[in-house]
Amino acid sequence: MAWNPHADFPIPPTDEATSRSLVNEVLIFLGRDHLASAYPGYANGDWLDKVVDSAATHLFESSQHHVDWCSALDAYEGLYAVPLMTIHKSKGLEYHTVIFVGLDDGAWWSFSNDQIEATAGFFVAFTRAKQRVIFTYCAVRGTRTKIATLYQLLGKAGVQITSVQ
């Protein structure tokens, strides 16, 4: 008999056990061995089990406030979420607004090791924005002495500074 997910799970899971059951059914349908062979990291240790557990937890949490599958899956995929990523992950992408969280010496610790490479990375992230870039800095968290060059570039470009208390 073929698996009919719509009949077995007509609504998003309302408890963790149902979420785990659904994810396990998908794993059976796909074939655990096929999935493990598609990604070498899954063949070693318990990495696949951790991913399956995380997927089930995320599905349950995404379903909490949704009564239909479309909205639950939109939440699961993060359709309306703000994407957070490293500079390297942002390469080739574009966003209306880019926010730098923590433009300070601690966050940019590698700047003093290779200023040319770090400045190039800064511009990779900076140029991901279509309309606006926001930089954050917290004086309590760190200093800006090692990355002063970046702040000088921003000053020359006329970037406005707004202090929030």
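This is a predicted model: local features need pLDDT of at least 70, side-chain atom pairs count only at pLDDT 80 or more; totals for chains, interfaces and linings use all residues.
Biologist: What makes β1 and β2 a pair of strands?

Modeller: A pair needs at least two bridges. Strand β1, residues 95-100, and strand β2, residues 129-135, are joined over 5 bridges, so they count as paired. Their sense is parallel. In this pairing F100 stands opposite F135 of β2.

Biologist: How does the chain get from β1 to β2, and which hand does the crossover have?

Modeller: The chain passes through helix α7, residues 115-126, and this β-α-β crossover is right-handed.

Biologist: Why is that crossover called right-handed?

Modeller: With the strands pointing away from the viewer, a path that runs clockwise from the first strand over the helix to the second is right-handed. The path from β1 over α7 to β2 is of this kind.

Biologist: Why is the contact of R20 and D53 called a salt bridge?

Modeller: The cut-off between a side-chain nitrogen of Lys or Arg and a carboxyl oxygen of Asp or Glu is 4 Å. For R20 and D53 the N to O distance is 3.4 Å, within that limit, and therefore the contact counts. Side chains of opposite charge can pair when their charged atoms come close.

Biologist: Where in the chain do R20 and D53 sit?

Modeller: R20 is in helix α2 (residues 16-30) and D53 is in helix α4 (residues 47-63). They are 33 residues apart, and the pair links distant parts of the chain. R20 and D53 also belong to a network of salt bridges with E16.

Biologist: What makes D46 and K50 a salt bridge?

Modeller: Their N to O distance is 3.8 Å, which is within 4 Å, so the pair qualifies. D46, at 41%, is partly exposed, and K50, at 44%, is partly exposed as well.

Biologist: How do you know that R141 and D104 form a salt bridge?

Modeller: The closest N and O atoms of R141 and D104 are 2.4 Å apart, within the 4 Å limit, so this is a salt bridge. R141 lies in the loop between β2 and α8, D104 in the loop between β1 and α7, and 37 residues separate them.

Biologist: What makes up the lining of the largest pocket?

Modeller: The largest pocket has a volume of about 850 Å³. Among its 29 lining residues, M85, T86, I87, F100 and A125 are the closest to its centre. Helix α7 supplies the largest share, 7 residues. By class, the lining has 18 nonpolar, 7 polar and 4 charged residues.

Biologist: Which residues lie nearest the centre of the second largest pocket?

Modeller: They are F135, T136, Q160, I161 and T162, from a lining of 21 residues. The volume of this second largest pocket is about 660 Å³. Strand β2 gives the largest share of its lining, 4 residues. The classes here are 13 nonpolar, 6 polar and 2 charged.

Key. Residues are numbered from 1 along each chain as its sequence is written. Side-chain values use heavy atoms; hydrogens and water are left out. Helices (H or I, at least four residues) and strands (E, at least two) are DSSP runs, numbered from the N terminus. Buried means under 20% relative accessible area, exposed over 50%, partly exposed in between (1.4 Å probe, protein chains only). On a 1 Å grid over the protein atoms alone, a cavity is a set of points where a 1.4 Å probe fits but cannot get out, and a pocket is an open set with protein on both sides within 12 Å along at least five of seven lines; lining residues have an atom within 4 Å of a point. Grid points are joined across faces, edges and corners, and a volume is the space filled by probe spheres set on the points. Ala, Val, Leu, Ile, Met, Phe, Trp, Tyr, Cys and Pro count as nonpolar, Asp, Glu, Lys and Arg as charged, and the others, Gly among them, as polar.
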